[in-house]
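The sequence and the structure come first, and the points follow by topic.

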Amino acid sequence: SKELSPLIYWPPMEEIKKSFPACFAKWPKLRAIIDCVEILIERPPCKTDNGKFFSAYTSNSANKFFMSVTPGGIISYISPPAEGHMTDKEIILQTNVIDKFNVGDQCLANIGLQVESEFIEAGVQLISLPIREQGLQIPRETNKHDQDTTHARVHMERIIGRLRDFQIMKGPIPASICDIIEAVVTVCCALTNLKQSLVPQSC
């Protein structure tokens, strides 16, 4: 983990532009795509700990990690592990990752992260799908924007899928090694960055 962690770094915008895929052309200042990832762990024997690590999303004990990926498909940030009961918003604010963005940057996020106001305060445009009422008719222009956003977000899901190619990332992580889960995830992210990018330049 110590040897490979330098492979996960926050690149300058000049470097991001060198491998900027065509599918992100409508967001020329896009610096990162963000999401939270859950990794299942063995159920803690202590009832108190079990409550802390219980994830309502998966109905299992889990660790959560906040992850950032560049438009070119490189993992640029991975947070320390958070307890499964924490919300995505709590984890993002706990990391102070918003401070890494520059004023004028754009960030693509998953639906429901609810951190738009914090990004706006930092001068960063957060791009995500709004929560819409079922059956509500959507204007054609809005629908096109939603389709473009969904298509762009797919690349984050593909990178998360590649991470889960590592058997240990499929979980549940044995309780005997939960104390080194941060190092395990760091190694898997770094090795993922060494592979060919999943985001084609002409996507």
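A residue counts as buried when its relative accessible area is under 20%. By this criterion, buried residues make up 42% of the 203 residues in the protein. The model discussed here is predicted.

**Overall architecture**

- The protein contains 7 helices and 7 strands, and their order along the sequence is α-β-α-β-β-β-β-α-β-α-β-α-α-α.
- When contacts between residues at least 6 apart in sequence are considered, 60% of them join residues at least 24 apart.
- The protein has an accessible surface of about 11100 Å², and carbon and sulfur atoms account for 53% of that surface.

**Nonpolar cores**

- The largest nonpolar core has 34 residues, and the members that touch the most others are Phe-24, Met-67, Ile-75 and Val-185.
- At least two residues of this core come from each of α1 (13-17), β1 (30-40), β3 (60-69), β4 (75-78), α5 (140-163) and α7 (181-193).
- Helix α7 supplies the largest share of this core, with 6 residues.

**Ile-75 and Ser-76**

- Beyond its neighbours within four places in sequence, Ile-75 is in contact with Leu-7, Ile-8, Tyr-9, Met-67, Ser-68, Val-69, Ile-159, Leu-163, Cys-189, Thr-192 and Asn-193.
- Ser-76 lies in strand β4 and is buried, with a relative accessible area of 4%.
- With residues up to four places away in sequence not counted, Ser-76 touches Ile-8, Tyr-9, Trp-10, Pro-11, Ser-68, Val-69 and Thr-70.

**Helix α3**

- The buried residues in helix α3 (residues 88-95) are Ile-91, Ile-92 and Thr-95.
- Viewed down the axis of α3, these buried residues fall within an arc of 95°, so they line one face of the helix.
- An α-helix has 3.6 residues a turn, so residues three or four places apart point the same way.
- The cover over the buried residues of α3 includes β1, β3, β4 and β5 (82-83).

**Ile-41 in a loop**

- Ile-41 is located in the loop between β1 and α2 (47-53), where this residue is buried with a relative accessible area of 7%.
- Although Ile-41 and Ile-173 are 132 residues apart in sequence, their C-alpha atoms are 4.3 Å apart in space.
- Apart from neighbours within four places in sequence, the contacts of Ile-41 are Phe-53, Ser-61, Ala-62, Asn-63, Pro-172, Ile-173, Cys-178 and Ile-181.

**Surface patch**

- Leu-7, Leu-191 and Leu-194 make up a nonpolar patch on the surface, and together they have about 240 Å² of accessible area.
- Leu-7 belongs to the segment before α1 and is partly exposed, with a relative accessible area of 31%.
- Besides taking part in the surface patch, Leu-7 is one of the residues in contact with Ile-75.

Note on methods. Residues numbered from 1 in each chain as written. Predicted model: local features only at pLDDT ≥ 70, side-chain atom pairs only at ≥ 80, totals over all residues. Heavy atoms only, no water. Core = buried A, V, L, I, M, F, W, Y, C linked by side-chain atoms within 4.5 Å. Buried < 20%, exposed > 50% of the residue type's maximum accessible area, 1.4 Å probe, protein only. Helix = DSSP H or I, 4+ residues; strand = E, 2+ residues; numbered from the N terminus. Contact = heavy atoms within 4.5 Å. Patch = residues over 30% accessible without salt bridge, like charges linked within 9 Å, V, L, I, M, F, W, Y side chains within 5 Å. Areas by Shrake-Rupley, 256 points an atom, 1.4 Å probe, with all protein chains shown as cover. Salt bridge = Lys/Arg side-chain N within 4 Å of Asp/Glu carboxyl O. Arc of directions from axis to C-beta.
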